Amino acid sequence: MPQLTCEKLTLGYEGKTVVSDLSFAVNAGEYLCIVGENGSGKSTLMKTILNLKTPISGKIVTDSGFATTEIGYMPQQTAAQKDFPASVREVVRSGCLNRVGLRPFFTRAEKQLAEDNMQKLGIDHLAKRCYRELSGGQQQRVLLARALCATRKILLLDEPAAGLDPNATAEMYEVIASLNKGGTTIIMISHDIEASVRYASHILHIGKGSSVFFGTKEDYVDRGGYGA
């Protein structure tokens with residue numbers, strides 16, 4: 001059974017339909033890149049998967065082993081978030097908040113999970129540093145470690161390389177690819193079609209109107225890659 005299945009979704013906002021009859025499935029260990037023009041519904045789809053928006057019609061089905069609240073999510077940062085005055089360790093641990101519930105503290109296991117994920121992302125030496133003092137690439141690694149604390153199964157990433165310089169962008173894509181090779185399922189919104197084709201196993205291209213492609217990256221390239 002797929003980890004996540006979208007069945008005949010129609011999505012929209014403010015009474016306007018942006019994409020209709022959208023169906024696709026993501027299996028464990030796959031790497032799906034969602035590409036398309038601005039306004040085509042990529043972010044709306046991401047918010048719907050996270051239960052932040054309700055579809056106009058259709059449904060999203062997840063594997064019985066986890067709930068959508070257990071999906072790790074790395075959104076795009078706002079300017080205010082980039083200036084957040086907390087330590088790296090505090091930011092990463094906050095990814096465990098869905099597990100904490102009403103408890104006023106983190107368990108030893110949750111603290112260790114944060115330490116393990118900082119080490120996995122190569123930022124354990126920054127644990128005591130203030131988040132707002134870090135470079136853009138370092139901040140993105142912190143947010144990725146935070147998202148990993150929310151799940152070990154699926155990561156949803158919204159333009160994780162946005163605003164990074166070319167070197168930091170390449171490093172971020174390699175880190176994400178490494179996580180995927182380690183068994184984490186990746187669903188990523190990206191404007192970088194070249195990188196999407198290089199790293200992803202599957203592509204979902206949402207065009208304006210009724211133009212939708214879903215399939216392997218090989219099929220995507222064979223069909224012309226929509227400009228890739």
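Buried means under 20% relative accessible area, exposed means over 50%, and partly exposed lies in between (1.4 Å probe, protein chains only). This is a predicted model, in which local features need pLDDT of at least 70, side-chain atom pairs count only at pLDDT 80 or more, and totals for chains, interfaces and linings use all residues. Residues are numbered from 1 along each chain as its sequence is written, and side-chain values use heavy atoms, with hydrogens and water left out.

**Stop 1: the two domains**

Select residues 1–66 together with 156–228 and colour them as domain 1; then select 76–152 and colour them as domain 2. These bounds come from an automatic or database domain assignment. Taken over C-alpha atoms, the centres of domain 1 and domain 2 are separated by 24 Å.

**Stop 2: where the domains meet**

Now show the boundary. Here 14 residues of domain 1 are in contact with ten residues of domain 2, where contact means heavy atoms within 4.5 Å. Buried area is the accessible area (1.4 Å probe) that two parts lose on being put together, summed over both. Domain 1 and domain 2 bury about 930 Å² between them, and 70% of this is on carbon and sulfur atoms. Select Met172, Val175 and Leu179: within domain 1 they lose the most area to domain 2, together 42% of what that side buries.

Next, select Glu171 and Arg141 and show their side chains. They meet in a salt bridge, at 3.9 Å from N to O. The term stands for a side-chain nitrogen of Lys or Arg within 4 Å of a carboxyl oxygen of Asp or Glu. Between domain 1 and domain 2 the count is one salt bridge. Across this interface there are also two residue pairs in polar contact, both at pLDDT 80 or more. A polar contact is a pair of N or O atoms within 3.5 Å; within protein, one must be able to donate a hydrogen and the other to accept it, and residues adjacent in sequence count only if both atoms are side-chain atoms.

Strand E6 (154–158) and helix H7 (166–181) each supply at least two residues of the side of domain 1 that touches domain 2. Of that side, H7 gives the most, with six residues. Helices (H or I, at least four residues) and strands (E, at least two) are DSSP runs, numbered from the N terminus.

**Stop 3**

How many salt bridges does the rule count? The count comes to five. Side chains of opposite charge can pair when their charged atoms come close.

Select Lys59 and Glu7. The closest N and O atoms of this salt bridge are 3.8 Å apart. The pair links distant parts of the chain: Lys59 is in strand E4 (residues 57–62) and Glu7 is in strand E1 (residues 4–13), 52 residues apart. Lys59 is partly exposed at 47% relative accessibility, and Glu7 is partly exposed at 33%.

Select Glu115 and Arg89, whose side chains meet in a salt bridge at 2.7 Å, N to O. Glu115 belongs to helix H5 (residues 108–120) and Arg89 to helix H3 (residues 88–93), 26 residues apart. Glu115 is partly exposed, with a relative accessible area of 23%.

Select Arg198 and Glu194, a salt bridge with its closest N and O atoms 3.1 Å apart. Arg198 and Glu194 are separated by about one helical turn because they are four residues apart in helix H8 (residues 193–199). Arg198 is partly exposed at 44%, whereas Glu194 is exposed at 57%.

**Stop 4: Thr169**

Go back to helix H7 and select Thr169. Is Thr169 buried or exposed? Thr169 counts as buried because its relative accessible area is 15%. Not counting residues up to four places away in sequence, Thr169 touches Ala161 and Leu164. Its side chain reaches the backbone oxygen of Leu164 at 3.3 Å.

**Stop 5**

Select Asp21 in strand E2 (residues 16–26). Phi of Asp21 is near 55 degrees, a positive value in a residue other than glycine. Asp21 is exposed, at 54% relative accessibility.

Last, select Glu159 in the loop between E6 and H7. Glu159 is not a glycine, yet it has a positive phi of about 50 degrees. With a relative accessible area of 10%, Glu159 is buried.
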